[in-house]
Amino acid sequence: MRFDEAYSGKVFIMSRATEDEADIVLYGMPMDWTVSFRPGSRFGPNRIREASIGLEEYSLYLNKHLEEVKYHDAGDLLLPFGNAARSLDIIEGYIRELLEKGKFPLGLGGEHLVTWPVLKAMYQKHPDLAVIHIDAHADLREEYEGEVLSHSTPIRKACELIGAENIYSFGIRSGMREEFQYAKDSGMHMSKFEVLEPLKRVLPKLTGRPVYVTIDIDVLDPACAPGTGTAEAGGISSKELLASIHALAASDLNIVGADLVEVAPAYDPTEKTQIAASKFIREMLLGFVK
Ligand SMILES: [Mn+2]
C-alpha cells in the first residue's frame with residue numbers, strides 16, 4: 001500500500017482521475033518527525049486540498065483555467081512514523097518513478113527535509129539542475145543535535161550534492177552565523193530578506209536550465225501564514241510570493257518540479273495559511289508547466 005487510505009478521497013480541485021491522464025502529479029509527503037520546534041506539518045497536504053474547494057478554477061493573474069492543465073492528485077504517500085531514513089527512501093523511489101514516466105512532480109509537505117530525497121532523484125535525471133529555494137531559514141546546518149536528517153539541513157545537503165553554485169536561496173532571514181558564513185564561502189547565491197526583486201535579477205542567468213523550485217510557507221510573514229512550525233517575524237507578503245511565482249512562470253526557465261512545504265494547520269484557527277497555500281499551488285499548477 002503506497003498511499004494512505006485513511007486520507008483518500010480528498011483531492012485538490014479538478015484533479016484528473018488517473019495518473020495516466022496527467023502531465024503533473026500532485027502528491028503529499030506527510031512527514032514531520034525531524035522538526036526542531038512545533039510539529040504538525042504532516043497534516044498540511046490535506047488541509048491544503050480542503051482549502052482548494054474555496055478557490056476559483058480560473059486565475060486572473062495568468063488568464064488560465066485549471067481545465068487547461070492536466071494534473072492528478074495522487075494523495076499522501078504512506079510514510080513510517082518516526083523513521084526519517086525510510087520515509088526519505090520511499091519519497092525518493094516514488095519521484096524516480098514519476099520522472100521515468102515523464103511526469104512533473106508537485107509536492108505538498110510536510111517538513112522541509114522531504115525536499116532532500118526529491119532533489120536526489122531530480123539531480124540524477126538532470127545533472128545540470130539548479131534549485132530555487134524560497135524560505136525564511138537558510139536550512140544550511142550540517143546537523144541538528146547530532147542528527148544530519150533534520151528539517152534544518154536540506155539545503156546544505158543539496159549544496160554538497162549538486163554544487164553550491166547551483167543553489168539560489170531567497171528571503172532568508174534566520175539561521176546560525178555559521179550558516180551565513182557557509183553561504184558566503186561556498187559560492188551559493190543567497191538573497192537575504194527579499195524575494196521578488198533579487199529573483200527577477202537572477203532569472204535571466206538560469207534561462208533554459210532545468211530548475212527545481214522549493215517554497216517554504218514560512219517565508220511569508222506570520223501575519224499571512226501563522227500555520228507553520230517555525231514562524232519567523234519580518235517576512236514577505238502573500239502578494240510578493242504570488243508575484244514571485246508569476247515571475248518564475250513568465251521566465252524562460254525549464255521548471256522540472258516544485259514543492260510547497262511546512263504548512264502546519266493546527267497553529268492557524270483562521271485557516272488562512274492553507275487557504276493561501278492552496279492559491280499558491282493553483283498558480284504553480286497553471287504557471288510552471290508550459
Ligand atoms: Mn523555513
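**Labels and their cut-offs**

Tutor: Gly110 sits in the loop between β5 (104-109) and α3 (115-125). The model is predicted: local features need pLDDT of at least 70, side-chain atom pairs count only at pLDDT 80 or more, and totals for chains, interfaces and linings use all residues. Residues are numbered from 1 along each chain as its sequence is written, and side-chain values use heavy atoms, with hydrogens and water left out.

Student: What makes a stretch a helix or a strand here, and how many of them are in the protein?

Tutor: Both are DSSP runs numbered from the N terminus: helices are H or I with at least four residues, strands are E with at least two. The protein has eight helices and ten strands.

Student: Why is the protein called as compact as a globular protein of that length?

Tutor: The globule rule is 2.2 Å times the number of residues to the power 0.38, and the radius of gyration is taken over C-alpha atoms. For 290 residues the rule gives 19 Å and the protein has 17 Å, which is close, so the protein is as compact as a globular protein of that length. Along the principal axes, its C-alpha atoms fill a box of roughly 45 × 40 × 40 Å.

Student: Where is Ser41, and which residues does Ser41 touch?

Tutor: Ser41 is in the loop between β1 (24-29) and α1 (44-51). Contact means heavy atoms within 4.5 Å. Not counting residues up to four places away in sequence, Ser41 touches Met31, Asp32, Gly109, Gly110, Glu111, Glu262, Val263 and Ala264. Two of these, Gly109 and Gly110, are joined by a cis peptide bond with omega of about 10 degrees.

Student: What makes Val131 buried, and where is Val131?

Tutor: Val131 has a relative accessible area of 1%, so Val131 is buried. The residue belongs to strand β6 (residues 130-134). Val131 and Tyr168 are 37 residues apart in sequence, with 6.0 Å between their C-alpha atoms. Leaving aside neighbours within four places in sequence, the contacts of Val131 include Tyr168, Leu119 and Thr214. Over the protein, 78% of the contacts between residues at least 6 apart in sequence join residues at least 24 apart.

Student: How do you know which atoms are donors of the manganese ion?

Tutor: Donors are N, O and S atoms within 2.8 Å of the metal (3.2 Å for Na, K and Ca); water is not among the atoms, so sites may look incomplete. Asp135 (OD), His137 (ND1), Asp216 (OD), Asp218 (OD) and Asp218 (OD) lie 2.2 to 2.7 Å from the manganese ion. Along the chain the donors follow the spacing D-x1-H-x78-D-x1-D. Asp135 and His137 are buried.

Student: Which label does Glu271 get, and why?

Tutor: Glu271 has a relative accessible area of 41%, so Glu271 is partly exposed. This residue lies in the loop between β10 (254-261) and α8 (272-287).

Conventions:
Buried < 20%, exposed > 50% of the residue type's maximum accessible area, 1.4 Å probe, protein only.
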